[in-house]
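Thank you all for coming; I would like to take a few minutes to walk through one model with you. Please have the sequence and the structure in view as we go.

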Amino acid sequence: MTWLFTFLVHSTLWLGLAWLSVRLFPGIHARLRETIWCTALAASLITPTVHALNRPDSAVWRLAVPSVLAGAEHGSGEPGHRDGEASVAMAAGGEVHGRESGADANWPAPADFLWAALAGGLLVLYLLRLERLRRRLRDREPVSDSRARRALAALGGRTALDPPPRLTASHSLGSPVALGMGSRREICVPVRALHELDEGELRALLGHEVAHHVRRDTIRLAMLNVLQAVFFFQPLIRLAVRELRLAAEELCDDWAASQFDDRFAMASCLTEVARWVVRGDRRSPVPCIGRCRSQLERRVRRLLNERRSFRPPSRAWRRTGAVGLLALAPLLAPVVAPGPDVSHEDRRVLEGAAPREHGLSREHGLSREHGIREQAERGHASRTRGTPAISREESH
């Protein structure tokens with residue numbers, strides 16, 4: 001739970017900074033937006049792990065939190081804290097307390113079980129969505145339309161996809177989707193797309209789905225869905241996934257429009273597909289061109305806008321900047337550690353140990369005073385009898 005709580009703090013920091021940068025510069029290119037969000041997600045995972053492996057004083061600043069939230073009851077990882085707990089237990093004679101702590105260390109906390117159960121349930125729901133989509137597409141058949149096959153062959157010649165994606169059509173789809181990976185790549189389109197789209201619009205539609213396979217968006221989206229399920233307690237991850245999906249769709253629009261130098265055909269295709277979107281397309285677990293109608297409208301306006309967004313930095317600059325930020329992120333992120341206050345259990349142990357130590361010291365003082373008085377009386381008696389006190393003491 002310590003790592004999860006640190007992840008919550010760090011992900012709020014990094015994803016919040018990503019959201020703020022995108023808000024302050026709304027005209028930046030989709031590729032740069034994608035780099036910003038991916039870097040923020042990577043930093044959210046890297047910095048808690050680095051802090052868990054290193055000493056707490058390795059970061060620039062420290063965030064003090066209650067011991068219960070930081071998981072200090074199961075060992076905070078600081079030697080001073082562990083030594084303090086050991087000394088308190090020894091001072092109090094806490095044999096039972098030490099036995100209970102050892103038992104707690106062997107069994108996860110109830111919060112761990114709760115997190116694991118909820119994350120596992122969300123992962124099962126994601127798998128069920130994939131299974132529901134598979135059953136929905138059981139009626140798909142290979143496409144024999146000559147226009148579609150020529151367009152796909154032309155697009156395949158401009159990419160490094162080997163083998164090219166398999167092209168199928170389904171009556172239950174309202175929007176085309178990209179499926180599979182590697183040798184099992186597939187593009188499934190609605191049957192009506194083969195009859196209602198002209199040649200330019202059909203090429204744009206297929207080009208968009210081919211771009212998803214070129215970018216490996218099927219793998220990326222699966223990883224994002226798993227990340228969103230595991231860290232369900234961080235709402236900013238849902239925002240990051242939505243923004244990354246939008247950036248991916250815009251980049252695929254640009255790639256498809258650039259293949260045939262026809263932005264208007266891509267915009268017309270999106271407008272037509274917006275009328276076909278059905279309810280099942282809106283929660284598609286795979287890349288889908290028409291998942292959200294509001295985003296379709298934004299993408300159409302973007303394609304038709306002559307004043308395009310600012311060009312992004314080159315790939316080398318973007319990668320260098322992302323690597324540099326990730327290298328500095330563990331130093332800039334705060335160390336999440338328990339504050340100087342002691343927990344309720346430790347306070348009770350300390351309160352029980354203080355009277356005992358006071359009683360022991362008082363008893364020791366009384367016994368010493370009694371010994372001094374007894375020695376003085378023996379000396380006085382020896383002087384009365386005429387015998388040296390030192391010799392009588394030595395003989396005794």
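The chain has 16 helices and six strands, where helices (H or I, at least four residues) and strands (E, at least two) are DSSP runs numbered from the N terminus. This is a predicted model, in which local features need pLDDT of at least 70 and side-chain atom pairs count only at pLDDT 80 or more, whereas totals for chains, interfaces and linings use all residues. Residues are numbered from 1 along each chain as its sequence is written, and side-chain values use heavy atoms, with hydrogens and water left out.

Of the 396 residues of the chain, 39% count as buried, buried meaning under 20% relative accessible area, exposed over 50%, and partly exposed in between, with a 1.4 Å probe and protein chains only.

Let me turn to the start of the chain. The axes of helix H1 (residues 2-24) and helix H2 (residues 30-53) come within 8 Å and cross at roughly 155°, the axes being lines fitted to C-alpha atoms, for helices over the stretch in contact, with angles from 0 to 180 degrees between N-to-C directions. H1 is therefore roughly antiparallel to H2, a label for angles over 145 degrees.

Finally, two loop residues. Arg216, in the loop between helix H9 (199-214) and helix H10 (217-230), has a positive phi of about 60° although it is not a glycine, and at 57% relative accessibility Arg216 counts as exposed. Asp261, in the loop between helix H11 (235-260) and helix H12 (263-274), has a positive phi near 50°, and Asp261 is exposed, with a relative accessible area of 71%.

Key
Parallel < 35°, antiparallel > 145°, perpendicular 65-115°, else oblique.
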